[in-house]
Amino acid sequence: MNLPLKDSEVNAVGHAEELTLIHSALVALRRGDPAAKLQIQGSAPFSKVADVFNDLVEQNVAMAEERGVDTRILQGTTQNDIMKEYLSRGTYIFPPAQSLKLTSDTILFAVRNVPNWNPMNLCSYHLQEAGATPVQEVAYTLSTAIAVLDSVREAGKLTESEIGAVFERLSFFVNAGMRFVEEVCKLRALSLLWERLGRDRYGVTDAKALRLRYGVQVNSLGLTEAQPENNVYRILIEMLGVTLSKNVRARAVQLPAWNEALGLPRPWDQQWSLRCQQVLACETDLLEYPDIFDGSRVIEELTRAIADEAWAEVEEVQRLGGAVACVQSGYIKERLVESNALRIRQIEEGARKVVGVNCYTESERSELLAGGGAGPILTLDPAAEAAQVASVRAWRAARDENAAGQSIEALRRGVARGDNVIPLSIAAAKAGVTTGEWGAALREVLGEFRAPTGVARGATVGGDRTIESVRAKVRALGERLGRNVKVLVGKPGLDGHSNGAEQIALRARDSGFEVVYQGIRSTPAQLAQSAVEEGVHLVGLSVLSGSHNELVPEVMDALRAAGLARVPVVVGGIIPEADARALEARGVARVYTPKDFALGSIMDDLAELVRRAHGLS
């Protein structure tokens, strides 16, 4: 399956050419370790499995059946929360209702055939990364849970015991930020509401089935490029929020590395974060005592307040038609964009202190950053993409092409009929069909979807000291140009992390620019075409996949070919200093990184770049 969007991004955004996790890593497992011992967790980086994680289930079941292993003993977890993809992560393909059907298929098959598998991770993690408050994180995750459980119950005609089994096997993947007390209470509130939902809506009575089971990755949103050594303390504090309260303690903890605001962490950086967990578990007495927060009036009151407010928002989502309807209408996305805008505004104005960013910015020389450039981060081997492509070609050359083609056609027909997709996908896996081919077959039947960006109707959050002066500058510039100053905000490639692009688009709109923002996953050619058709004065690119060195020049070449060589191009992302200088040498007008948190100043820059590009005094 040759998709232009994935060029230059193999291994950068979890996209190993056609997901060779399936036909390479799993094939190696087929030949080596016993399937009975296989445990796999599909986590955030692997969300490219053609919209949902059923492919991971099907491949493991296919492997077990080929080896004569009872599928009922397979263990693993698939994230499979498609709603968070529309709202934050961006790795979706199909429309919400069709994707929900695929999720339901996975859950029904797993509960009846692979009962030790956790078929879905309800994922609030990415909602917080998109700006969600604790109340929103709880409310929108539970709204997703309702949509999924109702869909499964309706599709599967489940017995009382089966709905209990479904409820028990659903787990959560949450976030934990720096506001320690709020994070503890958020999780206690989520636990209370999850139990209430199980008892009241689905008739679950077994205490074990009603327990909140969750893993966590602590917050990456708050990691800073400025004084990145401070991130070590942030990571530790955030971990305490999901470990100190025994009654809602995380089952599994993932910690980011101190340098993730600079680029990809190296193995040593990852080890440092792992040691943080191990020191807490092995050297403290944390695990020896009951919940140390039980009986705290402060904890109980804040837990109840979060629970009550979150449940009210759950009811509002249900009043508006449920999670699917609120994704399609943009209601939830708009709330997240607004919350994130408020957070950024508070940092800009100093109301929210971030050490090293807007306070205590003086610093001694950091020995961790000695050498500068790309020294303190991992750099990907450019040869990896070619190796993955070769792996796909070798895989296809070795399979029975006729059997693969027949299984793809059977998959296509079955999905059109509304059959459960998992048995069809298992047959395709056995025939050697790749994930890309699987996704292409489903695209033909289910179509594709572009989620609302949350920007068009996103509310303006307050004002700042610079916005009025920028508006006046943009207005005067438009008068001299004879029309409104127009900017294109683009997300080239497969990178689905759109939160930064959304905030730039929202602030540009509020600063008086006319904004063209069509969301994620555009090719360089599409962005150039849009720039021509819209007549933009400036192009802003957001690249968070680490593929800026490849994607940005491709976009600039496309703009030149379209006759727009004089249109200024600016780039934002996690871009090492050496790469930023290289991009500027290629003609990029400005490079913005996480240290450039003052959006008002960026807006002033954009207006100045347009003025200079048109030779205006």
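Student: Is R521 buried or exposed?
Tutor: R521 counts as buried, at 16% relative accessibility; buried means under 20% relative accessible area, exposed over 50% and partly exposed in between, with a 1.4 Å probe and protein chains only. This is a predicted model, where local features need pLDDT of at least 70, side-chain atom pairs count only at pLDDT 80 or more, and totals for chains, interfaces and linings use all residues. Residues are numbered from 1 along each chain as its sequence is written, and side-chain values use heavy atoms, leaving out hydrogens and water.
Student: Where is R521 found?
Tutor: In the loop between β9 (514-517) and α20 (524-534); helices (H or I, at least four residues) and strands (E, at least two) are DSSP runs, numbered from the N terminus. The phi of R521 is near 60 degrees, a positive value in a residue other than glycine.
Student: And what about phi in general?
Tutor: Most residues other than glycine have a negative phi.
Student: New topic: how many residues of α6 are buried?
Tutor: 19 of its 23, so α6 is largely enclosed by the rest of the structure. Just after α6, K157 takes a positive phi of about 45 degrees.
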